Amino acid sequence: MLRFDSWLLIIGFWLLVSCGDGEPATNSQEPIVYASPVDYDITLAGNFGEPRPFHFHGGLDVKTGNVEGKDIFSIADGYVSRLTVNMYGFGNAIYVTHPDGFTSVYCHLKRFAEQYENELHRTGPKDTLSYVFPPEKFPVKSGDHIAISGNTGHSTGPHLHLELHDTETWVLRDPMIKLANIIADTVAPQAHSFMAYPMNGEGVFNGGFSKQTFGFGAGDTKVQRFTFNVQREFTAWGRVGFALWADDYSEATYNHYGVRYTQLLVDGCEVFHSDVDSIPVSCQLEVNNWGDYEHWRRTRIWYMKSFREPGMRLPILHTNFEQGVVCFSEERPYHLTYVLRDYQGNESRYHFTVRGERFPNIEARPRRQLLDSYRLYRQVTWPLHTMKH
Ligand SMILES: [Zn+2]
């Protein structure tokens, strides 16, 4: 008969295994050099991991001057492993598999370079075609011309949608990990406002039991690094989660992007951080849970939570034992700081103070205390259990 903690171990192991596709593959091969997919300065219309309803944006949207017909080049050595043609989705897309464990995918193309076009046997404009090639058929070098940019498939205007995948697991990776040095960005992300989520029956924020938003009012600060202090003081008691509406920017365009790195500190200790480095395809729907989808539906604004909802597996979220929820259990000021950073290291910080203030009928009991008593139980009982065997 298995003891209760053995079952816990088994369940824990199962969870670990079932989330295994969340871990990017380790690419042990020699690193190779990556270059631009276009022959002009890159500006982005969208970045990796931006929240969208029911999915994260899976790549970089490289601007093509609002026109079709720009030359597209392979970003690294490798071989063309696949061509797909579709009226929907990626439209015309070309896949290049690289020797370091990554595959790059170029989407919404007008057409492919001639040698690949010759492989296609189109019979009509609504064809859905897919061709897979062995490594020796179409080897490419970094900078080889592979396609012409376009506006095919599900695309709202001419651009290049560029994805990077772990070849083995097909986990989506942020192409910035390979292309950051060729994309100029000296502007820090900015937060617009935060949302407080008093936990049902367990918390209160500024006297309210339902979620509330509070603007930072920081204005337009297009600089590399800045700190913003919120003057107003808030009150809370019990368990409260937080979420942030924030965007990243670059100096080159008016566009805004998702924030690569977000951290929430309480009195200098991290309770949450997210690093949007990779998205397992199986976790795409969790965007509606990490982000406040209900709020998005009404306002078209994404608040990304700094706490983990039950059942969330997204490997890019990291929380403390309280799952990122803050427990205000002492009558004193709590100093909260949001740290936002982009891939280039441009950083902004937002400080605000929440005063713990006792509230009728809300019992403030940090989970940490429960954990500590559990640990104590384990320390006392574990040797006794093992001695029985
Ligand atoms: Zn895109």
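**Figure 1. Lining of the largest pocket.** Four strands, S3 (55-56), S4 (60-63), S8 (102-112) and S12 (159-166), each contribute at least two residues to the lining of the largest pocket. Strands (E, at least two residues) and helices (H or I, at least four) are DSSP runs numbered from the N terminus. The model is predicted, and local features therefore need pLDDT of at least 70 and side-chain atom pairs pLDDT 80 or more, whereas totals for chains, interfaces and linings use all residues. Residues are numbered from 1 along each chain as its sequence is written, and side-chain values use heavy atoms, with hydrogens and water left out. S12 gives the most to this lining, with four residues. The lining comprises 32 residues, and Arg 52, His 57, Asp 61, His 159 and His 161 lie nearest the centre of the pocket. A pocket is an open set of points on a 1 Å grid over the protein atoms alone where a 1.4 Å probe fits, with protein on both sides within 12 Å along at least five of seven lines; lining residues have an atom within 4 Å of a point. The volume of the largest pocket is about 790 Å³, where a volume is the space filled by probe spheres set on the points, and points are joined across faces, edges and corners. By class, 10 lining residues are nonpolar, 17 polar and five charged. Ala, Val, Leu, Ile, Met, Phe, Trp, Tyr, Cys and Pro count as nonpolar, Asp, Glu, Lys and Arg as charged, and the others, Gly among them, as polar.

**Figure 2. The zinc site.** The zinc ion is coordinated by His 57 through NE2, Asp 61 through OD and His 161 through ND1, at 2.0 to 2.1 Å. Donors are N, O and S atoms within 2.8 Å of the metal (3.2 Å for Na, K and Ca); water is not among the atoms, so sites may look incomplete. The sequence spacing of the donor residues is H-x3-D-x99-H. Because His 57 lies in the loop between S3 and S4 and His 161 in strand S12, this pair ties together parts that are 104 residues apart in sequence. His 57 is buried, with a relative accessible area of 5%, and His 161 is buried at 6%. Buried means under 20% relative accessible area, exposed over 50%, and partly exposed in between (1.4 Å probe, protein chains only). His 57, Asp 61 and His 161 are also among the residues nearest the centre of the largest pocket.

**Figure 3. The second largest pocket.** This pocket has a volume of about 580 Å³. Its lining has 28 residues, and those closest to its centre are Glu 50, Pro 51, Asp 247, His 256 and Trp 302. At least two lining residues come from each of strands S2 (51-52), S16 (225-249), S17 (256-257), S19 (269-275) and S21 (304-305). S16 provides the largest share, four residues. The lining has 16 nonpolar, seven polar and five charged residues.

Figure 4. The structure has 30 aromatic pairs. Rings of Phe, Tyr and Trp (its six-membered ring) pair if their centres lie within 6.5 Å; planes under 30 degrees apart count as stacked, over 60 as edge-to-face and the rest as tilted. Phe 242 and Phe 328 form an edge-to-face pair, with 6.4 Å from centre to centre and 80° between the planes. Phe 242 lies in strand S16 and Phe 328 in strand S23 (residues 326-328), so that the pair links distant parts of the chain, 86 residues apart. Phe 242 is buried at 0% relative accessibility, as is Phe 328 at 0%. Both rings belong to a cluster linked by ring pairs, whose members include Phe 226, Phe 228, Tyr 334 and Tyr 350.

Figure 5. Tyr 293 and Trp 296 form a stacked pair, 6.0 Å centre to centre with 15° between the planes. The two residues are three apart in helix H5 (residues 293-299) and are therefore separated by about one helical turn. Tyr 293 is partly exposed at 22% relative accessibility, whereas Trp 296 is buried at 13%. The charged end of Arg 300 sits over the ring of Trp 296, 4.1 Å from its centre. A charge sits over a ring if NZ of Lys or CZ of Arg is within 6 Å of the ring centre and within 35 degrees of the ring normal.
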